[in-house]
Amino acid sequence: MRKAMDAVGLPVVCLQTGETIGTVRDILCDSTWHVRGVLLSEQGWFQSGTYIPTEHIHAVGESCLTVSGKDAITPLPHLAGLEPVGIVTGKTKLKGKAVITASGECLGRLEDVYFSANWEKLVGYELSNGWFADITEGRKRLPAPASVIVGEENLIVPD
């Protein structure tokens, strides 16, 4: 398993030219938690934003993410019809949300997520109950349930 925060901030290197063509700002998932790509730049007033679709990612290493060519950079509007969920950016970002069970128990705040080894799908959450609990007890790990409700402030998971 790989953690999202290990990839965020990595340089994106083009294998054809050897140049750095961007930096991973976020990982974008669809509603079924499959990875759709990595965000390079966010959508703003005067820019459409860019991302690299999963199928154009060659490898995600410890030092950088590699792509075969510069043509891997895609305008964000190509995800039209899909409201991607970002881990650290966007309206529906996951990091920092409280994770609450359907029966009303707060499990902690989402600090990171885990992906399968091939970066195909989100498979788990890393939860915190504050820095003191992180030091004394460590963070909790929760397998990603099949159904999750993503609210503005909370993630609702089944019991």
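Predicted model: local features only at pLDDT ≥ 70, side-chain atom pairs only at ≥ 80, totals over all residues.
Biologist: Why is Trp131 called exposed, and what about Phe132?
Modeller: Buried means under 20% relative accessible area, exposed over 50%, and partly exposed in between, with a 1.4 Å probe and protein chains only. Trp131 has 65% relative accessibility and therefore counts as exposed; Phe132, at 55%, counts as exposed too.

Biologist: What makes Trp131 and Phe132 an edge-to-face pair?
Modeller: Rings of Phe, Tyr and Trp (its six-membered ring) pair if their centres lie within 6.5 Å, and planes under 30 degrees apart count as stacked, over 60 as edge-to-face and the rest as tilted. The structure holds two aromatic pairs, and in the one formed by Trp131 and Phe132 the distance is 6.1 Å centre to centre with 90° between the planes, which is edge-to-face.

Biologist: Which residues have the most contacts inside the largest nonpolar core?
Modeller: A nonpolar core is a set of buried Ala, Val, Leu, Ile, Met, Phe, Trp, Tyr and Cys residues joined through side-chain atoms within 4.5 Å. The largest one has 34 residues, and those with the most contacts inside it are Ile27, Leu94, Val113, Phe115 and Tyr125. Its largest share, four residues, comes from strand β12 (residues 106-115).

Biologist: How do you know where this core lies relative to the domains?
Modeller: Domain bounds come from an automatic or database domain assignment, which here gives domain 1 (2-86) and domain 2 (97-157). Both domains give residues to the core, so it lies between them. The domain centres, taken over C-alpha atoms, are separated by 23 Å. With contact meaning heavy atoms within 4.5 Å, twelve residues of domain 1 are in contact with 15 residues of domain 2.

Biologist: Which residues does Val113 touch by that contact criterion?
Modeller: Leaving aside neighbours within four places in sequence, Val113 is in contact with Arg2, Lys3, Ala4, Ile87, Leu94, Leu122, Gly124 and Tyr125.

Biologist: Why is strand β13 described as largely enclosed?
Modeller: Strands (E, at least two residues) are DSSP runs, numbered from the N terminus, and six of the seven residues of β13 (residues 122-128) are buried, so the strand is largely enclosed by the rest of the structure.

Biologist: How do you know which strands β13 pairs with?
Modeller: Two strands pair if DSSP finds at least two bridges between them. Six bridges join β12 to β13 in an antiparallel run, with Phe115 bridged to Leu122, and four bridges join β13 to strand β14 (residues 140-143), also antiparallel, with Tyr125 bridged to Leu142. In the hairpin of β12 and β13, which has six residues between the strands, Trp119 takes a positive phi near 60°.

Biologist: What makes β3 and β7 edge strands?
Modeller: The open sheet of four strands has the order β3-β2-β8-β7, with mixed pairing. β3 (20-23) and β7 (57-60) each have a single partner strand, so one side of each is left without a neighbour in the sheet. Within this sheet, strand β2 (residues 11-14) runs parallel to strand β8 (residues 65-67) and three bridges join them, Cys14 having Val67 as its bridge partner.

Technical notes:
Residues numbered from 1 in each chain as written. Heavy atoms only, no water.
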